[in-house]
Structures are given as structure tokens and as C-alpha cells.
Amino acid sequence: MEQYWSGSAINKNKGMVENLQNYGIIKSRKVAETMENIDRGVFVPNGAQPYIDSPMAIGYNATISAPHMHAICLQLLENYLQPGMHALDVGSGTGYLTACFALMVGSNGRTVGVEHIPELVSSSIKNIEKSAAAPLLKDGSLSVHDCDGRQGWPDFAPYDAIHVGAAAPEIPQPLIDQLKPGGRMVIPVGNALQDLKVVDKNSDGSISIRTETSVRYVPLTSKEAQLNGDK
């Protein structure tokens, strides 16, 4: 829930990434390169200031997370986003993190974004087509689907990495089921008070859960409840 900088002093994607490095949020070269290559400016609404450290409304009672939250999630998942791995982005919104995941796992991997607002699915695909991840969309190793994210996307399971971009009252069982043994899920959990949970599935199928930080996300809910603004 922290904001590391505000205002329009940062007006380039590279400057945003350098700020995230200076604040110690981005710790690895791979995450820095990925966020440098996927320009956040392509994924925010027209007229918005894309490089300030703030979440932004994208319509349909949805948001795109602040850059520092994207960086935190990429750092937590970096080892599970190696070339050839499978990644699932639940509540993919504008497609920003989906594109980052795709760049990291590459064309030999598989990246899936799921989003239950059809208009966001369409606009996210257009955003990705304007980004460095466009070739992965074209070759089919990256796809975005209209569905209830709480059910995941079984077709390409199990996933090495699962990211959930909205807060669930509890961790959906289908997502745990679709996580690969040895894989990791990052998901905000809670209602009024939320924590970013790191869920590791051990090689024997058992689950380990720890809290990374306090967060504030929109709720992971049905399409109808989201459009109605229900909490």
C-alpha cells in the first residue's frame, strides 16, 4: 500500500525501472530487463501518467497495479518464470504482467492470461500487440482468455507460476490444483485487510504459505459483482 514516488518527474519507462532499482524493489537484472522491454505506457488508459508509482482505474471497477507491486510480484516469481516454464495470470486486466511473464518464459514456454471482462480481454490483446511480447502472441505461446479466473485455465496446467491480480477471501482450490509441484503462486488474500501471500507447492504436493506484505487490491469475485462494485 506504499507509494514510492509521485508526480510526473518520471516520464519514461526506463526512469520508472531505475527508480524501482534505486528503492531496492527490483533486485535482479532479469526483472529490470523485462520491465524495461515491456513499456507500461502501452498498458495504461489514454491520458494517464503511466510511470508514477500508483494504481490506476482501467474501467469496469478494475485497476492496473502500481509499478512497485508489479516489480514485487515479478521478483517473487522470477525463478518460476524461466524459459520453457508455464505461467498463469489471473485477472490479467490490461495485459501488462501477462506480457512480462511471456517475455520471461519465452516461446518455448506457455503464458495464459484470464480475465472475465470481455472488453478488457479485447483491449489487453491490442495492448500486447503493441508491446515487445507481440511475437509471442502471434506464435501462440501467449494467449488471453475470457473466463472466471477463480477456475484458472486447466488446458495448460500445471503451472510453474501463478499470479492473481485481485484479492480472494480465500485461495481458490482450482488454482492450488493447477499449480505444479515445485511451483509458486502469488495471491492477495483478505477482504478489508489483505496480505500478499506466497504459496509454494512442495514436491510431495503439500502447500506452504507465507505472508509477503500488506496490500490493497480490488476483490476477486464474479463478473456481475465486479461490475456492480460489490465488495
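These notes cover the cysteines, the nonpolar cores and one loop serine.

1. The model is predicted, so local features need pLDDT of at least 70 and side-chain atom pairs count only at pLDDT 80 or more, while totals for chains, interfaces and linings use all residues. Residues are numbered from 1 along each chain as its sequence is written, and side-chain values use heavy atoms, with hydrogens and water left out.

2. The whole structure holds zero disulfides (a disulfide is a pair of cysteine sulfur atoms within 2.5 Å). For Cys 73, the nearest cysteine sulfur is that of Cys 100, 11 Å away. Cys 73 is buried, at 1% relative accessibility (buried means under 20% relative accessible area, with a 1.4 Å probe and protein chains only). Cys 100 is buried too, at 0%.

3. The largest nonpolar core has 51 residues (a nonpolar core is a set of buried Ala, Val, Leu, Ile, Met, Phe, Trp, Tyr and Cys residues joined through side-chain atoms within 4.5 Å). Among those touching the most other members are Ile 26, Met 35 and Leu 81. Helix α4, residues 96-105, gives the largest share of this core, eight residues (helices are DSSP runs of H or I, at least four residues; strands are runs of E, at least two; both are numbered from the N terminus).

4. Beyond four places in sequence, Leu 81 touches residues including Leu 74, Phe 101 and Ala 161 (contact means heavy atoms within 4.5 Å). A second, separate core of 20 residues includes Ile 171 and Val 199.

5. Ser 65 sits in the loop between β2 (62-64) and α3 (67-77). Ser 65 counts as buried, at 15% relative accessibility. Its contacts beyond four places in sequence include Arg 40, His 70 and Tyr 217.

Technical notes
Buried means under 20% relative accessible area, exposed over 50%, partly exposed in between (1.4 Å probe, protein chains only).
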